[in-house]
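Please read the following account with the sequence and the structure side by side.

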Amino acid sequence: MPPEPQPSPAAPDTAAGQRATAPSHGWAERLRALGPVLGLVLLCVAGTALNSDFATLDNVMNVLTRTAFIGIIAVGMCFVIISGGIDLSVGSMAALIAGSVIMFINWAGPATGSPLMAVILGAGLAVVLGALFGLAHGLLITKGRIEPFIVTLGTLGIFRAYLTYFSNGGAITLDNELSDLYAPVYYGSLLGVQVPVWIFLVVAIVGALILNRTAYGRYVQAIGSNEQVARYAAVNVDRVKILTYVLLGVCVGIATLLYVPRLGSASPTTGLLWELEAIAAVIVGGTALKGGAGSITGTVIGAILLSVISNILNLTSIISVYLNAAVQGFVIIIVAFLQRGRR
Amino acid sequence: MTTFTRRIALTAVAAAAIAASLPALAQEKVNLGVSIPAATHSFMGGINYWANQAKKDLEKQHKDLKITIKTAANASEQANQLQDLTTVTKINALVVFPFESAALTKPVAQVKAKGAYVTVVDRGLTDTSAQDAYVAGDNTAFGKIPAEYIAKQLGGKGNIVALRGIATTLDNERMDAFNSVLKGYPDIKLLDAKYANWNRDDAFKVTQDYLTRFKNIDAIWAADDDMAFGVLKAISQAKRDDIKIIFGGAGAKDMVKTIMDGKDKRITADVSYSPKFIYDAIKLTAEARLKGEKLPATTIIPSVLITKDNAKDFYHPDSPF
């Protein structure tokens, strides 16, 4: 048995302690889960008070559609974090996938003679690439036994450098005709709701079902809570962990295939800091950064909360533009305070 | 013993003489170092392209010229590379595009102290004695020209929103110049100016929110061609037709092409701020040094209005920008 990175004898004790105390503080738990919702409601009230246009359907749709990218990635990130891992590369990964997909569609359009086919294959390629990148992460982390922080810090640089190389530092742009064909995937709507919002909803529901209603979901939580115990309970830890990274990769792929038609271009600034936004959404939503427990609903609310803040700031000019980032920081800390608890 | 000492002294003198004559011979060659930020966005992509283009063209023309290009991802990496250029590459001339003004003043001053001729590009150092020459684009004109153009096109009356880049002195200079022109037009209202980080996605979001907030906008100063791209997408999504003018900035090839072909009636002008100035700076420095001459202390590459008439002079289809 190889020595685990953190086999401190205290770890199982604290985990067991949490287990024991959690049920007795049921109401506190419930309040904790309500923290992000409370934060979001307060923000929305503030937003409406500051600008009456905030509560319009158009604005709500804008915000939700914008959230879709980060939100979908955050759902995948939620699994990785609950299992006790982390992925810093998702922003760069999204950028590289976007660039590769655009180059592929530009090539496949004329090559296959069917623009529609090229777009469909391109969208498929986004998901496949995401899954492959995730698989590479998972294998390096489990079989290669390298810390996830280091593996994904490495690929963060690698992915973005390759995109910069492919684009010569400029932008990779989708050909006009193909871009028009692909546009409805972002700009189109179904029953008055934009397509990315629907897909965000589906991804969140599927994510919640996997996490709460399947054996796999329970294994993910078990590993994050105590990897050693999960191993003794005959859980195939490596396989479960690899799958969480693949799942996240697929989520990044889905987010990217929705992102590409928005601007029809990818540049070295695409997806910059998405990893931090996704991680922040997960943590603000009530998932513990050290793993073990978390919720998809919280993550979705966390993601919406983050984009609502910047939306409100754009809709008003009462605060100096120089302080926008500070407001964001304050709100994140306040919401985290509202849902504090287990330590 | 005395003869021995004398011999040592003689050898030392001879060695010193040889050593002294070597740099004298090498002096005729110009070993030029170029230090620029890495290609992390379109504009820097252009800077990298034009720096490499300058190396290709100038080394072909001049046998005595050697150009070494280094790209850095941040200020401290750039400082390290400047050290390497002096100690390892042994440059005698330097063209540097500093990441930040303050952080790189000392490292550049050290290169100059070692005897290299230093040309600083775009961002001025906080201590100008650390440089021999300064070559830059015109940030005041970058803000003034669009303000004048928009004011004239709107007939001195209307609502404008503006986007800003990243909070830097360069961005402030542009915004101040823009504002000072608008002071002369009391009927033009600048509704708001928010940061969109010279980034397409951020420009898209900020514009969406502007469109939600303001029901009547006559002109948008996107202040950068990358940001103008995001602005256009946001407008077409909101299906708004009140915006008459969209003014970018810098002269990216796609934007210049749009103006040249008259493809979009909202985009009829742009202001030049071409990354090609790095090419000019390298060329000016190399050629002056080959002749043993100096550059004027400050060279400003003017920013000019690009319209349909002169667009073809600014169109470089091979450049990534």
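Phe247(B) is a buried residue, because 26 other C-beta atoms lie within 10 Å and the cut-off for burial is 20 or more. This is a predicted model, and the description should be read with that in mind. Phe247(B) belongs to strand S9 of chain B, which covers residues 245-247. Leaving aside residues up to four places away in sequence, Phe247(B) touches Pro146(B), Tyr149(B), Ile150(B), Ala219(B), Trp221(B), Ala222(B) and Ala269(B). Ala228(B) is 19 residues away from Phe247(B) along the chain, and the C-alpha atoms of the two are separated by 7.2 Å.

The loop between S8 and helix H8 (225-238) of chain B contains Ala223(B). Ala223(B) is not a glycine, yet its phi is positive, at about 65°. Most residues other than glycine have a negative phi. Is Ala223(B) buried or exposed? Ala223(B) counts as buried because it has 29 C-beta neighbours inside 10 Å.

Ala234(A) sits in the loop between helix H11 (227-232) and H12 of chain A. Ala234(A) counts as exposed, because it has 7 C-beta neighbours inside 10 Å and the limit for exposed is 12 or fewer.

Next comes chain B as a whole. Its secondary structure comes to ten helices and twelve strands. The C-alpha atoms of chain B fill a box of roughly 95 × 35 × 30 Å along the principal axes. Chain B has 321 residues, of which 48% are buried. Of the contacts in chain B between residues at least 6 apart in sequence, 74% join residues at least 24 apart.

The domain assignment divides chain B into domain 1 (28-137 + 275-302) and domain 2 (139-271). Taken over C-alpha atoms, the centres of domain 1 and domain 2 of chain B are separated by 32 Å. How many residues of domain 1 of chain B are in contact with domain 2 of chain B? Six residues of domain 1 are in contact with seven residues of domain 2. By class, the domain 1 side of this boundary in chain B has two nonpolar, three polar and one charged residues.

Consider now strand S3 of chain B, residues 93-96. Both faces of S3(B) are covered: Ala93(B) and Val95(B) are buried on one side, and Leu94(B) and Val96(B) are buried on the other. Strand S1 (residues 30-37) of chain B runs parallel to S3(B) and is joined to it by four bridges. In this pairing, Val96(B) is the bridge partner of Ser35(B). S3(B) is also joined by four bridges to strand S4 (residues 117-121) of chain B, again in parallel. Here Val95(B) stands opposite Thr119(B). S3(B), helix H4 (residues 101-113) of chain B and S4(B) form a right-handed β-α-β unit.

Another β-α-β unit of chain B, also right-handed, is made by S6(B), helix H6 (residues 169-182) and S7(B). Its strands, S6 (residues 158-164) and S7 (residues 188-195) of chain B, run parallel and are joined by seven bridges. Arg164(B) stands opposite Tyr195(B) in S7(B).

Chain A has 15 helices and four strands. Of its 343 residues, 50% count as buried. Among contacts in chain A with a separation of 6 or more, residues 24 or more positions apart account for 80%.

The two chains meet where 24 residues of chain A are in contact with 28 residues of chain B. On the chain A side, helices H3 (57-82), H12 (237-263) and H14 (296-315) each supply at least two residues. The largest share, four residues, comes from H3(A). By class, this side of chain A divides into seven nonpolar, 13 polar and four charged residues.

H14(A), one of those contributing helices, is mostly covered, with 19 of its 20 residues buried. From its first C-alpha to its last, H14(A) reaches 29 Å, close to the 28 Å expected at 1.5 Å a residue.

Methods: Residues numbered from 1 in each chain as written. Chains lettered and ligands numbered in written order. Predicted model: local features only at pLDDT ≥ 70, side-chain atom pairs only at ≥ 80, totals over all residues. Nonpolar A, V, L, I, M, F, W, Y, C, P; charged D, E, K, R; others polar. Pairing = 2+ DSSP bridges. Right-handed = clockwise from strand over helix to strand, strands pointing away. Domains from an automatic or database assignment. Expected span 1.5 Å × (residues − 1).
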